[in-house]
Amino acid sequence: MANENHGSPAEEASLMSHSPGTSNQNQPSSPKPMRLVQDLPDELVQAGWEKCWSKRENRPYYFNRFTNQSLWEMPVLGQHDVISDPLGLNAAPMPLEGGMIDTSLESKQRKRRFSEEVPLSSNSVKKPKADVPGNTAAQSVPSSPSVPGTSVLKAWCVSPEDKQQAALLRPTEVYWDLDIQTNAVIKQRAPSEVLSPHPEVELLRSQLILKLRQHYRELCQQREGIDPPRESFNRWMLERKVVDKGTDPLLPSDCEPVVSPSMFREIMNDIPIRLSRIKFREEAKRLLFKYAEAAKRLIESRSASPDSRKVVKWNVEDTFSWLRRDHSASKEDYMDRLEHLRKQCGPHVSAAAKDSVEGICSKIYYISLEYVKRIREKHLAILKENNISAEVEAPEVQDRLVYCYPVRLAIPSPPLPSVEMHMENNVACVRYKGEMVKVSRNYFSKLWLLYRYSCIDDSGFEKFLPRVWCLLRRYQMMFGVGLYEGTGLQGALPVHVFEALHKLFGVSFECFASPLNCYFKQYCSAFLDTDGYFGSRGPCLDFFPVSGSFEANPPFCEELMDAMVSHFEKLLENSSEPLSFIVFIPEWRDPPTPALTRMEQSKFKRHQLILPAFDHEYRSGSQHVCKKEEMYYKAVHNTAVLFLQNSAGFAKWEPTPERLQELVAAYKHSGRTLSSSSSSSSSSSSTADKERELGREQSSSRETNPN
């Protein structure tokens, strides 16, 4: 409302000016405000308040030019200072006539709509909010003073007088810009019939996933004598969700084929042993000996053909003989000998292990199927206890185009149990039944903002903490609890790059993000049930935009990246409106990934950039809990940046040489330099170790040469 009904002529010109990437967008124009003769006390004028006239409501209102806050009633100094108390935790309720406190439901449902103290980037444009169906928060009207309900204060363990605790909820480091409005247009869609998250259900799901991970580890060790390939379980869940038609948002339960290509490939790559990267001669000699010994042991213990046994045994004995007589071999000699042994024995070893590995993959899938049934039964029982039907009649949806809006759920959420939260230094600890998840103070504040922008069924914020716990627990279970586990799969682009993408190419939407690592408040994510309350538009493969400019940085799972290319090409083929996808994927050439090959040959490819390894950075996937000096890490692979655009998108957001040069220059800003210029040597060493660990994670599924 503040953007529509007030502002000086200079401010209006600034608001209506567009960045190069958004200059052609047709946005509703803002009416010119009418200024009234100021009859306010000097104290209010000095605090930034002024009296304006609303043409729509035909009555005066009060606007603060410092905070963008709008009120119908004359403001009272000291009632709510958004600079020292942005969340309104210390605000006192407005007294009614007679001195009573207004605690009615209507008073609870008033939401603040002023801008938080999030620094705007130089390219961000304040636009009127798009009117989207079912989004009450999108209506721009002057809001009455709003106070979080007593239940919210109790849930946060914050008393109205506790100013120190309230200050902990104010972000000090910002890695996002939630003021940027979307240019993504979709057809209006019906609410999803997915069941809403519940802490009791999420607790059961997390326990079963931990058991499933343990089953996977035991099967690999007992059947193949190896530890499960690092991150292979995480990539299995990503790959399965590409083809899964089941009801559970995380565990697969209806997939064809049953044997996962991703899991099968990664286990086979580690048979008979995992080939790690080596640096020294003695390591190479030891690796050659271990491989020969493991290949011989495997072929003797399996029902291999006589020819396979003969080939493997002969090559292994020849290798042992060479090792005994040649003591002056170099590291390169050992590695050449290992490569020769792999070529000779590899096909026979793989054939002998094939049935066993397929058995591991199918066993894990069928256990997952049983777990999904148990989770579903638990969820339906909770709904039944609260007299909520899981069957809903599909509402009639108008065939019209709208700006994209967060996913809505058709089935009401049952009452949620209480969840505890306390602060430890700069970390918010959220606990349910002894199970604690953590998020930094800055990102807890970010979740609060996203929830306020997007959630429409919890105006009193009574369900905020339970839903935060479910969200954090879900991502923790998806990417594992090991050191740095899953970090590479959730990596994000640096802030400077997002700013450049928005300024130069009008990007306002992320195709693969989460409430934790998103830069814009509009994005697609893996889970529509937990993430929809925080702004998610649902999974990318289920999102069908008609126009808009998008950034896509998918998790590095080959099957998911391939499905992404098919989805984007279909969208570009079917739309005549401006549509653009800027895709960031690793440049894997040995062998090349199908996704990269297909995009390079696509008729929609307008340009391609290659960013050299170790010359650009990503934001950590654990940015919501990691230390400041670990926020960024160097990419260990080349990154390919491909521009996929239809004709209208190319005309509007053409990757000109000037724009490309500015985009590449944005990568020269080192995030870690900006975030910490005085890191200790121990911190630098920790970050370097992390980069090497991430490199092993990202390349584990494609390791073909240990050199």
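**Entry 1: H10 and H12.** I began with a pair of helices, and found that H10 passes H12 in a left-handed crossing. A crossing is left-handed if the near helix is turned anticlockwise from the far one by less than a right angle, and right-handed if clockwise. Helices (H or I, at least four residues) and strands (E, at least two) are DSSP runs, numbered from the N terminus.

Before going on, I noted the ground rules. This is a predicted model, where local features need pLDDT of at least 70 and side-chain atom pairs count only at pLDDT 80 or more, while totals for chains, interfaces and linings use all residues. Residues are numbered from 1 along each chain as its sequence is written, and side-chain values use heavy atoms, with hydrogens and water left out.

Back to the pair. Two packed helices are described by the angle between their axes and the distance between the axes. H10 (residues 281-301) and H12 pack at about 20 degrees, and their axes are 10 Å apart. (Axes are lines fitted to C-alpha atoms, for helices over the stretch in contact, and angles run from 0 to 180 degrees between N-to-C directions.) That makes H10 roughly parallel to H12. The cut-offs: under 35 degrees is roughly parallel, over 145 roughly antiparallel, 65 to 115 roughly perpendicular, and the rest oblique.

I then checked who touches whom, contact meaning heavy atoms within 4.5 Å. On the H10 side I found, among them, Leu-287, Leu-288, Tyr-291 and Ala-295, and on the H12 side, among them, Leu-338, Leu-341, Val-349 and Ala-352. By class, this contact has 15 nonpolar, two polar and five charged residues. Here Ala, Val, Leu, Ile, Met, Phe, Trp, Tyr, Cys and Pro count as nonpolar, Asp, Glu, Lys and Arg as charged, and the others, Gly among them, as polar.

**Entry 2: H7 and H12.** H12 (residues 331-385) also packs with H7 (residues 199-224), at about 165 degrees with the axes 10 Å apart. H7 and H12 are therefore roughly antiparallel. Their crossing is right-handed. I counted off the classes in this contact: 15 nonpolar, five polar and eight charged residues.

**Entry 3: H17 and its neighbours.** H17 (residues 558-574) and H18 (residues 594-601) have axes that come within 8 Å and cross at roughly 25 degrees. That makes the pair roughly parallel. H17 brings residues including Met-561, Met-564 and Val-565 to the contact, and H18 brings residues including Ala-595 and Met-599. Six of the contact residues are nonpolar, one is polar and four are charged.

How far does H17 reach from its first C-alpha to its last? It spans 25 Å with 17 residues, close to the 24 Å expected at 1.5 Å a residue. (The expected span is 1.5 Å times one less than the number of residues.) Leu-560, Phe-568 and Leu-571 are among its buried residues. Buried means under 20% relative accessible area, exposed over 50%, and partly exposed in between (1.4 Å probe, protein chains only). The buried residues of H17 pack against H8, H9, E11, E12, H18 and E16.

**Entry 4: H14 and what follows.** H14 (residues 464-479) has 15 of its 16 residues buried, so it is largely enclosed by the rest of the structure. Next comes Gly-480, with a positive phi near 85 degrees. Val-481 sits in the loop between H14 and H15. Is Val-481 buried or exposed? Val-481 counts as exposed, at 57% relative accessibility.

**Entry 5: loops.** I looked up His-637, in the loop between E15 and E16. At 17% relative accessibility, His-637 counts as buried. His-637 and Glu-587 are 50 residues apart in sequence, yet 6.8 Å apart in space, C-alpha to C-alpha.

Entry 6: Most residues other than glycine have a negative phi, and most peptide bonds are trans. I noted some exceptions. Ile-271 and Pro-272 are joined by a cis peptide bond, omega about 5 degrees, and Pro-272 is in the loop between H9 and H10. The bond from Asp-590 to Pro-591 is cis too, with omega near -5 degrees. Lys-433 has a positive phi near 50 degrees, and it lies in the loop between E8 and E9. Phe-614 has a positive phi of about 60 degrees, in the loop between E13 and E14.

**Entry 7: whole chain.** I finished with totals: the protein chain has 22 helices and 16 strands. Of its 707 residues, 57% count as buried.
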